[in-house]
Amino acid sequence: MGEIEVVRCGWATGSPDYIRYHDEEWGRPVRGDDQVFERLTLEGFQSGLSWLTILRKRENFRAAFARFSIPAVAAFGDADVTRLLADPGIVRNRAKIEAAVANARAAAALPGGLSDLVWRYADPGAPVPATLADVPATTPASTALSKELKRIGFRFVGPTTAYAMMQAIGLVNDHLATCCTRDGQWPSKTGV
């Protein structure tokens, strides 16, 4: 009996970390304020870097940022920023660290919560991409979400970052038409 070829999105073939993330997480619906805050924060830290860098440091980020508990991060002060700047396990960028704290404070002040706000921008009717070239970097929805987040005090949430988060948490399904995960036909955790 021969092996079954698993066809994935082209970006998800270069590393076991990418394959695992693609097959087990990317594009699956994520709800919950802390979970959405984590994804938005990590996308902000990724800006200008490889996503693989963030994936490989994700557990360090979770430990450093109190598992992305919005109330805990919102309570971070100057000593926490100093601690984070000294942590070699994360990306040590003052502007991004301070943005994460400010974003937690803005999220904590949302009456309906971050998850509900973000999910208002879901686009289940987005066109199905045939190739990676068909996947946009921004959309009108990501631009609108970015503007709304900035209006309420979020930082490091431009339209591209907002769109990357939208893809990651399933607000849009940008798995390619030929991808094994496109219609919920997820490969097993062994990768085949």
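Modeller: On a 1 Å grid over the protein atoms alone, a pocket is an open set of points with protein on both sides within 12 Å along at least five of seven lines, a cavity is a set where a 1.4 Å probe fits but cannot get out, and lining residues have an atom within 4 Å of a point. The model is predicted, local features need pLDDT of at least 70, side-chain atom pairs count only at pLDDT 80 or more, and totals for linings use all residues. Residues are numbered from 1 along each chain, and side-chain values use heavy atoms, without hydrogens and water.

Colleague: Which element gives the most to the lining of the largest pocket?

Modeller: The lining comprises 19 residues, with Trp-11, Trp-26, Trp-51, Ala-164 and Gln-167 nearest the centre. Two or more residues come from each of helix H1 (16-24), helix H2 (33-46) and helix H9 (159-168), where helices are DSSP runs (H or I, at least four residues) numbered from the N terminus. The most, 5 residues, come from H9.

Colleague: What volume does the largest cavity have?

Modeller: Grid points are joined across faces, edges and corners, and a volume is the space filled by probe spheres set on the points. The count comes to 2 cavities of 30 Å³ or more, and the residues lining the largest cavity include Leu-40, Phe-45, Lys-96 and Arg-155. For this largest cavity the volume is about 70 Å³.

Colleague: Which element supplies the largest share of the lining of the second largest cavity?

Modeller: Among the residues that line this cavity are Tyr-21, Arg-39, Glu-43 and Trp-51. At least two lining residues are supplied by each of H2 and helix H3 (51-64). The largest share, 3 residues, comes from H2.
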